[in-house]
Amino acid sequence: MDNGRTGATYFPVKVLGSESAVDGDLITYPAREYTADQTTDKPKGLGIFYCYPSPVGDEGYLILSGTYAANKTDNIKVAYKVPFRPAGDETGNYIEVAHNHRYTVSITNADPYHLDFTLQVADWTDEGDVDNYKPENDFTQEAFAFDAANSTNALLLSDGKVALEPTAGNTLKFTMASNSEIDESLDYAGGDEWLVADGDRTFETKASGSTAFAYKMADDLGSMSDFRPVTIRLTNKASGSKYSVVVMPKDQTGPEISLVAEEGNTNTYNAATRTVTILNANGQTIKLKATAATLGTEAATTGSSVAITDNWITVDNNSAADAEGVYTFTLPTAQGSAEETNTLTFTAAATGAKTIVNVVLKAPQP
């Protein structure tokens, strides 16, 4: 359907946008596939698709496309404009597309260039839904489709973020479903512009409207050093709905470390500096939780592991299979000097990224 509204309120019934449509008020709905069962004299099912109310002045119309059997043998692609006019007459008056009504198009004759039809209007008295289609324009995570096959060294995470190493040759591709064209901008958070758009954006209106987005490494990547997460901001032109895709440099997707507090335990962890401070005394312990990324695939790979540089610190488990793993670190024997330091290296199973935590000792109070 073309010249359709982006939405409507129902108490009272009122279309979104201006009463007399202005730029941005009207959109083209994605094409809706239909089956032979829905095109008979007595179609099965409740309808082919649902649309929002459309005032007379919008001059809304259907676009019917398919194939025409010329000479009953040669199939040629055709598309017809079907205006909301009861008699199917191009010179007739448009009618309102009202809520709670059914509009049935009956084709009476056709050739490759013209379609004769009638349009019947009736109250919608059926119970239940029309079908599972609605001409929405709001972005959701379901509208985002990561193109793993055509991306290079990019990983989709379960939270919707993408892990991508800023290395020459790496690419990212995805599609976004929408009922209108999409505005796009990239926010580098004050860092280097290491990820850039690749190619033009084309809005495809096939079985469902979508736009393909492709990104590549910047040409001057080799001269860059300040790699920060890039936020790709997408805005639906029709509804104003927004969606963001955050692209993380892969080495910044290591496990997030936090302290598991225990009553009476005075050992500390500073998340800002990633530093554990532990009392230099026999049998001191500290618990840390590692929250690791999870791949947004069916396998949902997740979990973490930890390695310790010097063995005067021990750990109860070297790895955790779950996204959240709790590790208990122990100082079995006090070191000869409180100046001793150590390093804990946590690794995310999903991305291979590491988080390094420093360990310092604190001398006991006399």
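A residue is called buried here when its relative accessible area is under 20%, exposed when it is over 50%, and partly exposed in between, with a 1.4 Å probe and protein chains only. By that definition, buried residues make up 35% of the 366 residues in the protein. The structure is a predicted model, in which local features need pLDDT of at least 70 and side-chain atom pairs count only at pLDDT 80 or more, while totals for chains, interfaces and linings use all residues. Residues are numbered from 1 along each chain as its sequence is written, and side-chain values use heavy atoms, with hydrogens and water left out.

The protein has 28 strands and 0 helices. Both kinds of element are DSSP runs numbered from the N terminus: helices are H or I with at least four residues, and strands are E with at least two. Contact means heavy atoms within 4.5 Å. Among contacts between residues at least 6 apart in sequence, 58% join residues at least 24 apart.

Strand 12 (residues 171-177) includes Thr-171. With a relative accessibility of 17%, Thr-171 counts as buried. Neighbours within four places in sequence aside, Thr-171 is in contact with Asn-150, Ser-151, Thr-152, Ala-154, Leu-164 and Tyr-215. As for Thr-152, its backbone nitrogen lies 3.0 Å from a polar atom of the Thr-171 side chain.

The next topic is charged side chains. A salt bridge is a side-chain nitrogen of Lys or Arg within 4 Å of a carboxyl oxygen of Asp or Glu. By this rule there are 6 salt bridges.

One of them joins Asp-226 and Arg-228, whose closest N and O atoms are 3.0 Å apart. Asp-226 is partly exposed, at 27% relative accessible area, and Arg-228 is also partly exposed, at 32%.

Another salt bridge links Lys-287 to Glu-262, with the closest N and O atoms 3.7 Å apart. Lys-287 lies in strand 22 (residues 284-291) and Glu-262 in the loop between strand 19 (256-259) and strand 20 (268-270), so this pair ties together parts that are 25 residues apart in sequence. Lys-287 is partly exposed, at 28% relative accessibility, and Glu-262 is partly exposed as well, at 30%.

Lys-289 counts as partly exposed, at 26% relative accessibility.

How values were computed. Polar contact = N/O pair within 3.5 Å; in protein donor to acceptor, adjacent residues only side chain to side chain.
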